[in-house]
Amino acid sequence: MSAVVSDDERFMAAAIRLSRRNLGLTATNPSVACLIVRDGVVVGSAVTAPGGRPHAETQALAMAGEAARGATAYVTLEPCSHHGKTPPCADALIASGVARVVVSVVDPDARVAGRGLSMLRDAGIAVETGVLEREGRAALAAYLTRQTRKRPHVTLKLAVSSDGMLGRLGAGQVAITGPVSRGQVHVLRAETDAILVGIGTALADDPDLTCRLPGLEGRSPVRIVLDPRVELPPASRLARTARDVPVIVVAALGEEADDVLATPPSGLPAISPSRGEIDGGMVSPNSGVAAVGNAGSQPISPPEGEMAGRPEGGNPAASPNDWRARAAALEALGVEVLICDPRRLGDLLSALATRGISSLLVEGGARTAQSFLDAGLVDRIMLFTGPDPIGKDGVASPCVSGQMPRGFVLRHTARYGADIFEDYERDD
Ligand SMILES: NC(=O)c1ccc[n+]([C@@H]2O[C@H](COP(=O)([O-])OP(=O)(O)OC[C@H]3O[C@@H](n4cnc5c(N)ncnc54)[C@H](OP(=O)(O)O)[C@@H]3O)[C@@H](O)[C@H]2O)c1
């Protein structure tokens, strides 16, 4: 039995599909699509341009030209009503002479929030909202989360073995899933503003965290490492490629983070950062080290010629105050060292949202995944389960198929070669 699909749903589904094309490219604006349909024929279609401008509506109307008169416009998000860097799209629609506007999602931005719809109605245009709203909201999840929760939308991606493990202790990257799943993850990376891992993963796996699908190589997101003690080796792939694809190391330096720093990483002596001159400013004038929240920043003066990281990817040598040298070595490679206690994930996410990051893909490892779940900061879990066990010395996943944290509902499953994919969403 097949459901009857209205023309409005059919065209809105096409608009939503089109809107996904520029996900991850339009920060800080959402990736919105617009179709102009006249007598059942699409006469104009566009998606928000990379960089966020021009908006979809003005491009689609320009394509339609005179054919827009009397047509129906399908827009995935309510047309804007305010003068920003561009004039209101609601005005452009009115001026074009469209007879009807169909919208999937009403914009929660306080400057719009229904005003775009009112402008259209006041101009005598028939307006319909809520068409395929669930699908529209899913495509706009990053923008909607940043607008309403003031943080990026967080997707946790986990590749889990058949016995519930994420990897094997000391084994580096272990192939758990096959090429189809890995391709899906790369698509996900292309659609996301930033990827995040813990320093445990950066050290164990020495990952690239880039999108390497043919044709999408230019769409790698910003890469973020939670690295309280600035242990990322300058010889790591992440550091070495920081000038090509940005890397942010989130370090817990500053007075209030001394506890974190006093705890030695496994196998390392304690690092105790020197104090004083902490000004709480956002950017240290000498080093470029950015600070978030109350943790301050200090000028960094590296001991000449000293690079702390071990090329083979192990922990860098640590001695008191070496964090400055390590930070400077990373900065010399183009890495940004952001001072923000990585244990305070809420503060970190707010800071990332302020920078225009609307979507964040958390790619592990186990402790990082667990801490995002514990903090209630995961919106979606994408679980890829491979066919083989890891067995002895496995690193256990914080969640496995059938045992998801409370509040997550299964939206979709698929088979990718020998792997099973499950897509869970927080239900609130
Ligand atoms: N299959 C997959 O999908 C997948 C993906 C990624 C990684 N992995 C595997 O996972 C393993 C690494 O996992 P892991 O748990 O050892 O390392 P991890 O989660 O990548 O990193 C943990 C480290 O990050 C620091 N950290 C800073 N802020 C944190 C926060 N808010 N929450 C948690 N940790 C924070 C921790 O500091 P402290 O030392 O102060 O606690 C710790 O040193 C590797 O075997 C890797 O291959 C698997």
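Helices here are DSSP runs of at least four residues, numbered from the N terminus. With that in hand, let's work through some exercises on this predicted model.

**Exercise 1. With which strands does E14 pair, and in which sense?**

Solution. 
- Take strand E6 (residues 153-160): E6 and E14 pair in the parallel sense, over six bridges.
- Now take strand E17 (residues 419-426), which pairs with E14 in the antiparallel sense over six bridges.
- Here you can look for phenylalanine 384, whose bridge partner in E17 is phenylalanine 421.

**Exercise 2. Why is strand E14 largely enclosed by the rest of the structure?**

Solution. 
- Recall the cut-off: a residue is buried if 20 or more other C-beta atoms lie within 10 Å of its own.
- Apply it to E14 (residues 380-385). Five of the six residues are buried, so the strand is largely enclosed.
- Zoom in on isoleucine 381. Leaving aside neighbours within four places in sequence, isoleucine 381 is in contact with Leu156, Leu158, Cys399, Met404, Phe408 and Tyr424.
- Ile381 is also among the residues with the most contacts inside the largest nonpolar core, which has 69 residues.
- For contrast, visit glycine 376, in the loop between H13 and E14. Glycine 376 is partly exposed, with 13 other C-beta atoms within 10 Å.

**Exercise 3. How many residues surround the ligand, and which helix gives the largest share of the shell?**

Solution. 
- Count the shell: 29 residues surround the ligand, and the closest are Gly167, Gly198, Gly200, Gly364 and Gly365.
- Sort them by kind, and you get 15 nonpolar, ten polar and four charged residues.
- Then ask where they come from. Strands E6, E7 (165-168) and E8 (194-198) and helices H8 (199-205) and H13 (366-374) each supply at least two residues.
- H8 gives the largest share, with five residues.

How values were computed
Residues numbered from 1 in each chain as written. Predicted model: local features only at pLDDT ≥ 70, side-chain atom pairs only at ≥ 80, totals over all residues. Buried ≥ 20, exposed ≤ 12 C-beta atoms within 10 Å, placed from the backbone. Pairing = 2+ DSSP bridges. Near = placed C-beta within 6 Å. Nonpolar A, V, L, I, M, F, W, Y, C, P; charged D, E, K, R; others polar. Core = buried A, V, L, I, M, F, W, Y, C linked by C-beta atoms within 7 Å. Contact = placed C-beta atoms within 7 Å.
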